[in-house]
Amino acid sequence: MKLQARTPKELGHAIRQARKTQSLTQKDLAIKSGVWQETISKIERGVVATKIETVFDLLAALDMELQIQPRTKVDEADLEEIF
């Protein structure tokens, strides 16, 4: 599974998708990662500032990694086709 996130809210959504794909509840992920369930809920909703270590704890528990790459650019011609 490859997910993209450019904002904290999108990162939270990606974590939620990964968790659900693995059929884990927030409580299951909390136990597996050592991160409080309430914190996971807030991260998934994109409403909390959190330590980067917490994000990496969640990613490790989900057997995922963070990759850094240049942003993809949208071609204006592609946008015209959408509208």
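**Close-up views of a predicted model**

**View 1. Salt bridge between R16 and E44.** R16 and E44 form a salt bridge in which the closest N and O atoms are 3.6 Å apart. R16 belongs to helix 1 (residues 8–21) and E44 to helix 3 (residues 37–45), so the pair ties together parts that are 28 residues apart in sequence. The structure, a predicted model, holds three salt bridges. Side chains of opposite charge can pair when their charged atoms come close.

**View 2. Packing of helix 1 and helix 3.** The axes of helix 1 and helix 3 are 6 Å apart, and the two helices pack at an angle of about 120°. Helix 1 is therefore oblique to helix 3. On the helix 1 side the contact is made by P8, K9, G12, H13, I15, R16 and R19, and on the helix 3 side by I43, E44 and R45. By type, the residues of this contact divide into five charged, three nonpolar and two polar.

**View 3. Packing of helix 2 and helix 4.** Helix 2 (residues 26–33) packs with helix 4 at an angle of about 105°, and their axes are 9 Å apart. This angle makes helix 2 roughly perpendicular to helix 4. L29, K32 and S33 of helix 2 meet D57, L58 and A61 of helix 4 in the contact. Three of the contact residues are nonpolar, two are charged and one is polar.

How values were computed. Residues are numbered from 1 along each chain as its sequence is written. This is a predicted model: local features need pLDDT of at least 70, side-chain atom pairs count only at pLDDT 80 or more; totals for chains, interfaces and linings use all residues. Side-chain values use heavy atoms; hydrogens and water are left out. Axes are lines fitted to C-alpha atoms, for helices over the stretch in contact, and angles run from 0 to 180 degrees between N-to-C directions. Helices (H or I, at least four residues) and strands (E, at least two) are DSSP runs, numbered from the N terminus. Angles under 35 degrees count as roughly parallel, over 145 as roughly antiparallel, 65 to 115 as roughly perpendicular and the rest as oblique. Contact means heavy atoms within 4.5 Å. Ala, Val, Leu, Ile, Met, Phe, Trp, Tyr, Cys and Pro count as nonpolar, Asp, Glu, Lys and Arg as charged, and the others, Gly among them, as polar. A salt bridge is a side-chain nitrogen of Lys or Arg within 4 Å of a carboxyl oxygen of Asp or Glu.
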